[in-house]
Every structure is written in structure tokens, then in C-alpha cells.
Amino acid sequence: MPSTSRGETAVRAAFTVTGLITTLPILALVNTAMLEMNYGVSDPGPMVLALLQHRGVLQLLLGAALIWAAFFPPVRLAAAPAAILAKSAFLGLILPNAAARPDLSTLSIVFDLSCIVVLALVTVREVVARRAGAVAHTPA
């Protein structure tokens, strides 16, 4: 079994932790009380409930991609930017809306912002490493 560098271990941990936490909205499928905790939605109508539960399924898929990327490096440059885009879009839609902001969990905002920063750093690291590898393998 090959040893891994500290940097690779940190990257795997970042993908795994962000992936696991990203999957948590799926719990709204079995416990709608999660919607109040995460979004301040206590009694959603049928359409709002379906949309938020669907969001949970999409978050499950995104989280699974991030966990996959932790252990399968070729998918990192797809999974990380996808997560950055999804989390940025969510924050971009919710934060400017003064009526929606009070219901949003501060923890969700901090988590998404942290993910954006960490995954951006990981993406840069991956791009640099791949370019260095490509240069190293280029015939003279």
C-alpha cells in the first residue's frame, strides 16, 4: 500500500468531511423537522416540501461525488467546481433576500462559505499538480 503525503491526506479529509456534511439535507426525506432547523421552514406546503426534499436528494448526490473525489483523484476537477458552483448559487440566491436571511441557519452559511474556500484551494492544488505532472511527462 503506497504511503500518502500530508497534503494528499488533507485533501482526502477535506473532500470527505465536506461530502458527508453536504449529504445531510437528505434527512428531510425521513424527518421534515430538519427543514425547520436548516431553513426555518416549519409547516411547508406540499410543493415546498417536495422541492426541499428534492434539494436533499441533489445534495446527497453532490456529497457522494465529493466523497468519491476523496478517493478517486480523476473526478476532483469535476466534483470540486460543481460543489463550489452549487454552494455559491445557493448563497447568491438567499443572502441578498432580506426576507429569507433571518430563517437561514448561520451554520449553513459558514459551512457553505468554508466549503467554497477549501474546495477552491483544493482545485488550485489539483490543477498545479496536474500541470507539473504533464510538464514532467512531456518529451524533451
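Predicted model: local features only at pLDDT ≥ 70, side-chain atom pairs only at ≥ 80, totals over all residues.
**Reading pockets, patches and salt bridges**

Mentor: Let's start with a space you can look into: the largest pocket holds about 350 Å³. That volume is the space filled by probe spheres set on grid points joined across faces, edges and corners.

Trainee: How should I read a pocket, and which residues lie nearest the centre of this one?

Mentor: Rolling a probe the size of a water molecule over the atoms shows where empty space is left. A pocket is an open set of points on a 1 Å grid over the protein atoms alone, where a 1.4 Å probe fits and protein lies on both sides within 12 Å along at least five of seven lines; lining residues have an atom within 4 Å of a point. Here the lining has 18 residues, and Ile 21, Pro 25, Asn 38, Ser 108 and Phe 111 are the ones nearest the centre. Helix 1, helix 2, helix 3, helix 4 and helix 5 (106-136) each give two or more residues to that lining.

Trainee: Where is confidence lowest, and where is it highest?

Mentor: Read pLDDT as the predictor's confidence in each residue, from 0 to 100. The protein chain averages 89, and 92% of its residues score at least 70. Helix 2 (residues 33-39) has the lowest confidence, with a mean of 81, and helix 4 (residues 76-94) has the highest, at 96.

Trainee: How many helices and strands does the protein chain have?

Mentor: Helices (H or I, at least four residues) and strands (E, at least two) are DSSP runs, numbered from the N terminus. This chain has 5 helices and 0 strands, giving the pattern α-α-α-α-α along the sequence. Its C-alpha atoms fill a box of roughly 65 × 35 × 25 Å along the principal axes.

Trainee: What share of the residues is buried?

Mentor: Buried means under 20% relative accessible area, exposed over 50%, and partly exposed in between (1.4 Å probe, protein chains only). Of the 140 residues in the chain, 34% are buried.

Trainee: Which residues form the nonpolar patch on the surface?

Mentor: Patch residues have over 30% relative accessible area and no salt bridge; nonpolar side chains (Val, Leu, Ile, Met, Phe, Trp, Tyr) are joined within 5 Å, and like charges within 9 Å. The areas come from the Shrake-Rupley method with a 1.4 Å probe, and for residues only the protein chains shown count as cover. Here Val 17, Leu 20, Ile 21, Leu 24, Leu 27, Leu 29, Val 30, Val 57, Leu 58 and Leu 61 make up the patch, with about 860 Å² of accessible area together. Helix 1 (6-22) and helix 3 (46-71) each supply at least two of its residues.

Trainee: Where does Leu 27 lie, and why is it called partly exposed?

Mentor: Leu 27 lies in the loop between helix 1 and helix 2. It is called partly exposed because its relative accessible area is 35%. From Leu 27 to Val 127 is 100 residues in sequence and 34 Å in space, C-alpha to C-alpha.

Trainee: How many salt bridges does a search of the whole structure find?

Mentor: Side chains of opposite charge can pair when their charged atoms come close. A salt bridge is a side-chain nitrogen of Lys or Arg within 4 Å of a carboxyl oxygen of Asp or Glu. The search finds 7. In one of them, Arg 76 meets Glu 8 at 2.6 Å, N to O. Arg 76 is in helix 4 and Glu 8 in helix 1, so this pair ties together parts 68 residues apart in sequence. Arg 76 counts as buried because its relative accessibility is 1%, and Glu 8 counts as buried at 14%.

Trainee: Which other residue forms a salt bridge with Glu 8?

Mentor: Arg 125 does, with the closest N and O atoms 3.9 Å apart. Arg 125 lies in helix 5, so its pairing with Glu 8 in helix 1 connects parts 117 residues apart in sequence. Arg 125 is partly exposed, at 32% relative accessibility. Arg 76 has a salt bridge with Glu 126 too, at 3.0 Å between the closest N and O atoms. That pair links helix 4 to helix 5 across 50 residues, and both partners are buried. Step back and you see a network of salt bridges linking Glu 8, Arg 12, Arg 76, Arg 125, Glu 126 and Arg 130.

Methods:
Residues numbered from 1 in each chain as written. Heavy atoms only, no water.
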